[in-house]
Each structure stands twice: as C-alpha cells, then as structure tokens.
Amino acid sequence: MNFVIVLLALLGSVWLLAVVEGWTTTGRLRPAAPLLSGLAHLGRESIVPRTPDRVFFETAPVLLLIVAVLGAAVLPLAPTLVIADLATGALFINAALAYVLVALIMAGWGPNGAYAMIGGWRFLGQLIAYAMLIVMPITAVAMRAESLVTTVIVVSQDGLWNIVYQPLGFVLFFIAAMALAFRAPFDLPTAPGELGGGVDAEYTGVRLAVLRLARLTLVITLASATTVFYLGGWHGPLLPPWAWSLIKTLAVAVSMLLAGRYLPRIREADLMRWCWTLGIPLALLNIIVVGLLVLVVP
Amino acid sequence: MYAQAFFVAVFGLAAIGFGVVVFRTSSMVRSALALLFSQTAVGCMFLAMQTEFLGVLQIMMMATEMSIMAIFMVMFMMDPGGMGGMDMTHQKRFSIGAGVVAAGVAIVVAFWADWGPVTAEAPDAAMQTRALGMELLGRSMLIFETAGITILTAMIAATAVAIPVQTTANSADKEDTE
C-alpha cells in the first residue's frame, strides 16, 4: 500500500513541477500541459539512429527512471509512510543515485552520436566534482542522528532542523544535488544551445517522454532527500505529516528550478576546481563542526 | 531459507552471465558496464545473504569505479566501439587454460575448505552496521588508515608524474601559441 501511495505522491509532485517549469519558461499557467505534452510524445515517431548500441539506447531512459524511484523508496513521507525503511537508508540513496551516471553514459554512448557522447562523458567529470559533496554532508547528518535510517534522521531533527544545526552542509548538499540532477546551471550533459541537447539529442517520441519523466522524478527525489536530511522531513504544525513532506519537497524542487533560471551555465573545469578546492574543505569543516557539536552539546 | 537460496542462485547466475558478456563483446563500454552489472549482481547476492551494508556499499562503489574504467578503456583502445572488426584478444590458448585451472581451483577450495559452523541467526542490519563501525574504528583502524594514506600518496604521486614539466623553453612556446 505504501508503495502505491509514495508512487502516486511522486507522480503528483512531478506533474506539479512540470507545470511550474512550464509557467516559468512560457509565462502561462497550464495545468494540463505536461499531460498533453506526454501524449504528444507518445504519438510521435520514435527514431532509432543509425548503428546504435541498441541495448544501451533502450535501457538508458528506463534505468534513469528506475534509479530515481529507487532513491525515493527509502525517503519517508510520514513516520510509517515509507516503502523500505532500510537500516542503511542514507547509504542506499547514494547507491541508487550512483546509477544516474551509468544511465547517462549509456544514453551518451548508445545513439552513436558525437554530441550525445560528449554529454555522457561530461557527466562523468561532473560526478567526480559533486560526488564528495553529496556523501560528506550526509555523513554529518548521520553523525547527528547516530543512524543511517532515514526515519531516525528525521526524528533527530525534532526541535532543531539540520538546516539550522549544520547550514554549511545544507548549502553544499543543495548545490551538489542540483549537479546530480543535472539542472541548470549544472546542465552540462544536456547543455541546450551548446551541445544541441547532449544526451537528450538523439531521443525522440516515447523514449524522450520517459527520459523527461525520469529527469523530473530525479529532481523530486533529490528535493525529498534534502527535506529528509535538512528540513525536518514530516515535522511541522497543524497539517498532517505527509502534507509537510510534500510541501517542503516541492518548495525545494521549485527553488532548484528558480536558482537554475537566473544563473549562467558553469564550465566543467570551474565546477571541478571549485568543488575540490573549496567544496571539499568546507565539507570537512562541516563534519568537524558537527562532530564537536554532537560531542559538546548534549 | 529456500527463498534466500533461490535469490542467491539467481543473482549468482546473473553475475556469471554478465561476466561472460565482458569477454564476448568487442565494445569497450559494453564490456565495462557488463562487468559493472556482474559486480552489482554480487552486491545483490550480499543483500540476499542478509549483509545489507556490504551489499549496498558494493552496489554503490562499483557504479563509479566501472564507469571511470570505461572512459579509460575508450581512451586507450584503438577500436573502443568494437565496430572496426579489430581482434583485441591475444594468447587465447594460454588464457583459456589459465581460466579453466583457476575455476577448478576455486571450486575445489569452495567444496573442501572448512567454512566453520553456519550462523543460526544473522544479527539485524542496524546491529551489523554498528558492529562494522566499531571494528573499523577499533581493532582495524590502523590497517585501514595505513591503506588509505598509501592510496592517497599513490594518487598524488601519479598526478604529479602526469603533469608535464614546465621548462623555460616550452613555456615560451605556449605563450607564442596563445
């Protein structure tokens, strides 16, 4: 039952995010647009490029969707509303989202096209930049909760959310999450206007529809992870727990969208340099500060 | 018990199947990702054997490692897509022989070794994670820290070696070209 509810919540959030995305880009609020656009994709011809690596080409969009849903499976909407409350939840989400890279390499290599391939390999470089900034802030979150269980992490924030307790970790995680979701300004693998769509370039029709759905699901999963790790998860007054989870998740997702709209695309070399020379020392500092707080403050 | 054995067998066969694909394909990226999915199947075997932390860790680590290996294979092989019809294998007889012997030795060891008594009940996943943490920060700390520092030193040394030496002559060349 939890599985169906979480899946529906995920789908609903994706729809809302798509509506907001359409609103910010076209200036018109059209609630039916994502559905119509999806149907239009289903009706179009789904072209297979010449001499593709067919297995990769077909698998990539589906794999991206599966890993986004798997990541969401360990994130609780309410104390008992979680698909799998794993003992290693905070590690599992990293494991699931590591396969975003695999899916993008497949999508890059599969169609046998130059732009797609460059996009795919670019994401590998992007991973080397952001990976530590996902893992190290989560380490500090787990240190405070003294657990990797996501529901325990939310309970540990009762009274004081992690965004206040470890603001540095939140900032680093938020930026790294945007890089993982390859949203602007970190949309190097797709890079519209420069790579002609990159990993998206050779996909059309139903395959493109799945790819777009997967990308939006990934954003929601990462926004939900930010909510669980830093914004107190289901905690909040008056409204039921699941409502707070959804409101916070959507707020984070929309803020990611807006941050991307007003920032120019970052260069791969700059991203790598800033992540390693500034981001990782700050993440280490965050771990030290949280460690001291955990030991000193009861 | 039977369900557990079933899933261990299924993932084990998947691991072997993907392992075979590694050598059957000529595409370097296919080969690297087949190895990745073989290792992922091993991670799933860990999960089926109730060692959750090890399983998740295996599944996580391999995704990045094998992808990085894939780009190096693409960079260094002359026919990375396997579409040029190049034969990139060598010493076939020797490697088949070595493979058969190694598999035989592994099977003999698996059947003849004394694996000790079977644990009646595995501790729950949270307890396992805690016990692993205590082990890593206790008795085994020195070993892991030494290994970590050694690998870090090797990485720094390799990077330092890879950076071209900037002499006065070639820095002048560089300025000219710029």
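This is a predicted model: local features need pLDDT of at least 70, side-chain atom pairs count only at pLDDT 80 or more; totals for chains, interfaces and linings use all residues.
Colleague: Why are α4(A) and α3(B) called roughly parallel?

Modeller: Helix α4 of chain A is residues 89–109, and helix α3 of chain B is residues 52–76. Helices are DSSP runs of H or I with at least four residues. α4(A) and α3(B) pack at about 25°, with their axes 8 Å apart. The angle is taken from 0 to 180 degrees between N-to-C directions of lines fitted to C-alpha atoms. About 25° is under 35 degrees, so the two are roughly parallel. Their crossing is left-handed, the near helix being turned anticlockwise from the far one by less than a right angle.

Colleague: Which residues of α4(A) and α3(B) meet?

Modeller: On α4(A) they include A:L91, A:F92, A:A95, A:A98, A:Y99 and A:V102. Among those of α3(B) are B:V56, B:I59, B:M60, B:A63 and B:S67. Contact means C-beta atoms, placed from the backbone, within 7 Å. By class there are 14 nonpolar, three polar and no charged residues (nonpolar: Ala, Val, Leu, Ile, Met, Phe, Trp, Tyr, Cys and Pro; charged: Asp, Glu, Lys and Arg; polar: the others).

Colleague: What makes up the side of chain A that touches chain B?

Modeller: α4 and α5 (114–145) of chain A each supply at least two residues. The largest share, ten residues, comes from α4(A). This side of chain A has 17 nonpolar, three polar and one charged residue.

Colleague: What makes α1(A) and α10(A) roughly parallel?

Modeller: The axes of α1 (residues 2–26) and α10 (residues 241–261) of chain A come within 10 Å and cross at roughly 30°. That angle is again under 35 degrees, so α1(A) and α10(A) are roughly parallel. Their crossing is right-handed. A:L16, A:L17 and A:V20 are among the contact residues on α1(A), and A:L250, A:A253 and A:V254 are among those on α10(A). The contact has nine nonpolar, three polar and two charged residues.

Colleague: How do you know that A:L216 counts as buried?

Modeller: A residue is buried if 20 or more other C-beta atoms lie within 10 Å of its own, exposed if 12 or fewer, and partly exposed in between. A:L216 has 23 such neighbours, so A:L216 counts as buried. A:L216 is in helix α9 (residues 205–230) of chain A, and touches A:V14, A:L17 and A:A18, leaving aside residues up to four places away in sequence.

Colleague: Why does A:F186 count as buried?

Modeller: With 24 C-beta neighbours inside 10 Å, A:F186 is therefore buried. A:F186 lies in the loop between α8 (167–180) and α9 of chain A. Setting aside residues up to four places away in sequence, A:F186 touches A:Q126, A:M178, A:A179, A:I266 and A:L271.

Colleague: Which residues touch the most other members of the largest nonpolar core?

Modeller: They are A:V100, A:L101, A:A103, A:A176, A:L180 and A:V219, in a core of 117 residues. A second, separate core of six residues includes B:A41, B:V42, B:C44 and B:L47.

Technical notes
Residues are numbered from 1 along each chain as its sequence is written. Chains are lettered from A and ligands numbered from 1 in the order in which they are written. Angles under 35 degrees count as roughly parallel, over 145 as roughly antiparallel, 65 to 115 as roughly perpendicular and the rest as oblique. Two residues are in contact if their C-beta atoms, placed from the backbone, lie within 7 Å. A nonpolar core is a set of buried Ala, Val, Leu, Ile, Met, Phe, Trp, Tyr and Cys residues joined through C-beta atoms within 7 Å.
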